[in-house]
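The sequence and structure are shown first.

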Amino acid sequence: MPEAALHVGSGKVRELYALDEERLLLVASDRVSTFDVVLPTDIPDKGRVLTGLAGFWFARTQEICPNHLLALRSDGRSTECRRLEMLPIECVVRGFLAGSGWKDYTATGAVCGHALPAGLAEAAELPEPIFTPATKAETGHDENIDREQAAELVGAERLAEVERVSIALYRHAADHARQRGIIIADTKFEFGLDDEGRLVLGDEALTPDSSRFWPADEYETGGSPPSFDKQFVRDYCETLGWGKTAPGPELPDAVVTGTRARYVEAFERLTGIVFDDYLTDPEVVLR
Ligand code: Q0Z
């Protein structure tokens, strides 16, 4: 727990503290969720992997869009960030047809107002990445919205800006990841405005918790590809006949160890940095 910091929010697997008027501390725990349930067993270092990866991307996408990162703390799981006025939409970019995008496509042939070619298979790569905004649901699932609804929430001009920037960020990261054997099928960004009304990337970005990462060497269409990070957890949960409602099951050691190794592998492949070097000095991802 950070010293002299006021707790201002909890996510499923993260905590948010106020450091002062201008700064927040985002702390990533080792908790893991699957089928929307947080499990009672932690994955050691998961929060450090996600914090390091987000820091890596923030450092490398500054020219595309400024971001909220001020510093990474020596614990490797805490990000000091600028306090922003967050926009009330989730900025989702999809390069592949998965999750709610696939569901909407099968029902209507479109996703968030983007008409797509007929006959696409589940997990197919889209001709171009598409911007598919969603509302921030307090409870339950975010709801996909069309550009008209998104424009009502942030204004047409701001919407055009977040669409352009979101797609540029996704293209940058997805190209980098693809060269390292990881498909970023889709991702969610959260933006805010600074005190001068400039658009700033906030929250955590381009991590396996805010994106779908797939191993490129196992990619195929016609089903839901394995998750790069959580597949052992999901496979284990499927063997239990668990109803996928809280409370979730404890994970056996082999599943914990295997899952930790997958998170570390994603970190090392994407950053080119040995994870132990990150633990020694987290700011190595910023250089
Ligand atoms: C992020 C969240 C978490 C609970 C608010 N730079 C910022 N300025 C203002 N607000 C936020 C940020 Cl990142 C902000 N969240 C999401 C994160 C726990 C909620 F760790 N909420």
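## Pairing around strand S7

Leu26 stands opposite Thr79 in S7. The strand S3 pairs with S7 in the antiparallel sense, over five bridges; a pairing requires that DSSP finds at least two bridges between two strands. Strands (E, at least two residues) and helices (H or I, at least four) are DSSP runs numbered from the N terminus. The model is predicted, so that local features need pLDDT of at least 70 and side-chain atom pairs count only at pLDDT 80 or more, while totals for chains, interfaces and linings use all residues. Residues are numbered from 1 along each chain as its sequence is written, and side-chain values use heavy atoms, with hydrogens and water left out.

Strand S7 (residues 78–82) is also joined to S6 by three bridges, and these two strands run antiparallel. Bridge partners here include Ala71 with Glu80 of S7 and Leu69 with Cys81 of S7. S6 and S7 form a hairpin with five residues between them, and Gly76 in the turn has a positive phi of about 75 degrees. Four of the five residues of S7 are buried, which leaves the strand mostly covered; buried denotes under 20% relative accessible area, exposed over 50% and partly exposed in between (1.4 Å probe, protein chains only).

The open sheet has five strands in the order S1-S2-S3-S7-S6, with antiparallel pairing. Its edges are strand S1 (6–10) and strand S6 (69–72), each of which pairs on one side only. From one strand to the next, the twist averages 25 degrees.

Helix H1 (residues 46–60) packs on this sheet, touching strand S3 (23–28), S6 and S7, and its direction makes about 135 degrees with that of S6. Angles run from 0 to 180 degrees between N-to-C directions, with axes fitted to C-alpha atoms, for helices over the stretch in contact. Contact means heavy atoms within 4.5 Å.

## Nonpolar cores

A nonpolar core is a set of buried Ala, Val, Leu, Ile, Met, Phe, Trp, Tyr and Cys residues joined through side-chain atoms within 4.5 Å. The largest one has 64 residues, and Trp57, Val162, Phe189, Phe191, Leu201, Leu251 and Phe267 have the most contacts inside it. Helix H4 (residues 156–178) supplies the largest share of this core, nine residues. Another core lies apart from it, with nine residues, among them Tyr105, Cys112, Leu116 and Ile130.
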